[in-house]
Amino acid sequence: MATGSRTFRNLIGGEWLDAAGGETFESVSPATGERIGTFPKSTAEDVDRAVAAARDAYASWRLVPAPRRGEILFRFGSLVREAKEELAQLMTREMGKVLPEAGGDVQEAIDMSFYMAGEGRRLFGQTTPSELPDKFNMSVRMPIGVVGVITPWNFPIAIPSWKIVPALVCGNTVVFKPANDTPLLGQRFVELLAEAGVPPGVVNVVHGFGREVGDRIVRHPEVPVVTLTGSRETGVAVLRAAADNLKHVHLELGGKNAIIVMDDADLDLAVDGILWSAFGTSGQRCTAASRVIVHERVYDELQSRLVAAAERMRIGPGWEPDTDVGPVINRSALEKIHSYTEIGRDEGARLLTGGEIATGDGLERGFYYRPTIFGDVEPTMRIAQEEIFGPTTALIRVRDADEAIRVANGIRYGLSSSIFTRDVNLAFRAMRDLEAGITYVNAGTIGAEVHLPFGGTKDTGNGHREAGQAALDVFTEWKSIYVDYSGRLQRAQIDTAGEVR
Ligand code: NAD
């Protein structure tokens, strides 16, 4: 698909519009430097228009019966399924992940749409008995209004689906700012929503950068809910900016996820799990395994197998069938990742493999980094504490399970975690004691399914969860309803408790 020379627009109130200020920016492939397309560099004025459109559309969308909203989302899921190959190809070009992973990213959106389409016929509330005669009590989920959706580039179809699809089935309308590194995928996402029958104004897309478009969405008084996936720093900035208007803020932030490998583990399985979790998507997953905590009895064996396997991984553009590791997203990410190699060396960790920018065979046209493994890492080193967001992992040696769990928990983040062991008792202890929103047993740290809650403890978020039933709590508010059919004024127990009856 020849998109490189095309100019795209914002979608506001059903119309495709240039940025009010007329400025543009380009999306560029991290694999080759090729231009993907030109997009509006929007400002607060564009956000204000989009919020006004979303506000107008909310008046009628909230009244569309939820099963009908679900049908539109079901159609959307079907359209995404038909477009899966095209979207995966675009994703590989626009953000670099290898083609099978890009297909997986799109599949998440298909699964989420079908799951949430069914929610249109549930959105369950509760009915309960009343403390008074001839009175009926229930609680129901209500939509909230315009939802501001701000997403990162690393899951450019999946993450918008985790936010926009549940927001819509609940009856909200949306102003969506895709990541400025992946605007084309954001564009295709809303095009398919429109094609599925989402009415004009219900979903609006405003392209641009965080400090202009994102910040205005977060501060706009008529956007009561903001959902952001991004870095911890962005999360803190968004929470602060939203405070004056007491907005609902849903944050999914960074991770520093660990795989524990015990001395009774199946090491072949563990090596496969580590490779996939540490180097899949070039380590640019919030759930990537950037720490591997290994029992001292199997440390040397695991280290040598892992290094050998990492050195066999092939680096290249994600669309080449034999590529294992694609590029990282842009030059500044490449520089940040390399700076952590220097930091690790300076801290005294042992660089076992990688640690350099990959060149040759045209790789210098893109942003490629060799899979990097540090050994002899101390848990307090910066490479074991800070999110690098690249193909770098740190091996940490421990004496026993208690130390393994202590080290795993000794970080500010709490997203994903994993343990490889054949000891069922230890597996259950780990499930209980690992301080993370997600724990895998005998699998790596990645591989979420859409019908379970997704998110993290501690600095990974602010207590909400994406996906599953938990997502509905972000996009609705509870209303409790009391219906008195006694025909007389009955006062509740709270008002009559002092009276003798
Ligand atoms: P980022 O924080 O730089 O950007 C995320 C989004 O926020 C972008 O759309 C950006 O334009 C916008 N933004 C930036 N500053 C803003 C501001 N002040 N106000 C409003 N919006 C603003 O993150 P990124 O580099 O795109 O993504 C990588 C980060 O995302 C990593 O930290 C990763 O762990 C995290 N992540 C978390 C999850 C999760 O579910 N927990 C999933 C994927 C990625």
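Predicted model: local features only at pLDDT ≥ 70, side-chain atom pairs only at ≥ 80, totals over all residues.
How many nonpolar, polar and charged residues does the shell around the ligand have? By class, 12 are nonpolar, 10 are polar and four are charged.

**Location**
- The largest pocket is where the ligand sits.
- Domain 1 (10-253 + 461-480) and domain 2 (257-441) each supply at least three residues of the shell around the ligand.

**Nearest residues**
- There are 26 residues around the ligand.
- Those that come nearest are Thr151, Ser231, Thr234, Leu253 and Glu387.

- Ser231, one of the residues that come nearest, has a polar backbone atom 2.8 Å from an oxygen atom of the ligand.
- In Trp153, an N or O atom of the side chain is 3.1 Å from an oxygen atom of the ligand.
- For Gly210, a backbone N or O atom lies 3.3 Å from an oxygen atom of the ligand.
- On its own, the ligand has 850 Å² of accessible area, and the protein covers 86% of this area.

How values were computed. Residues numbered from 1 in each chain as written. Heavy atoms only, no water. Near = heavy atom within 4 Å. Polar contact = N/O pair within 3.5 Å; in protein donor to acceptor, adjacent residues only side chain to side chain. Areas by Shrake-Rupley, 256 points an atom, 1.4 Å probe, with all protein chains shown as cover. 1 Å grid on protein atoms, 1.4 Å probe; cavity = no way out; pocket = protein on both sides within 12 Å on 5 of 7 lines; lining within 4 Å. Sits in = over half its atoms within 2 Å of the grid points. Nonpolar A, V, L, I, M, F, W, Y, C, P; charged D, E, K, R; others polar. Domains from an automatic or database assignment.
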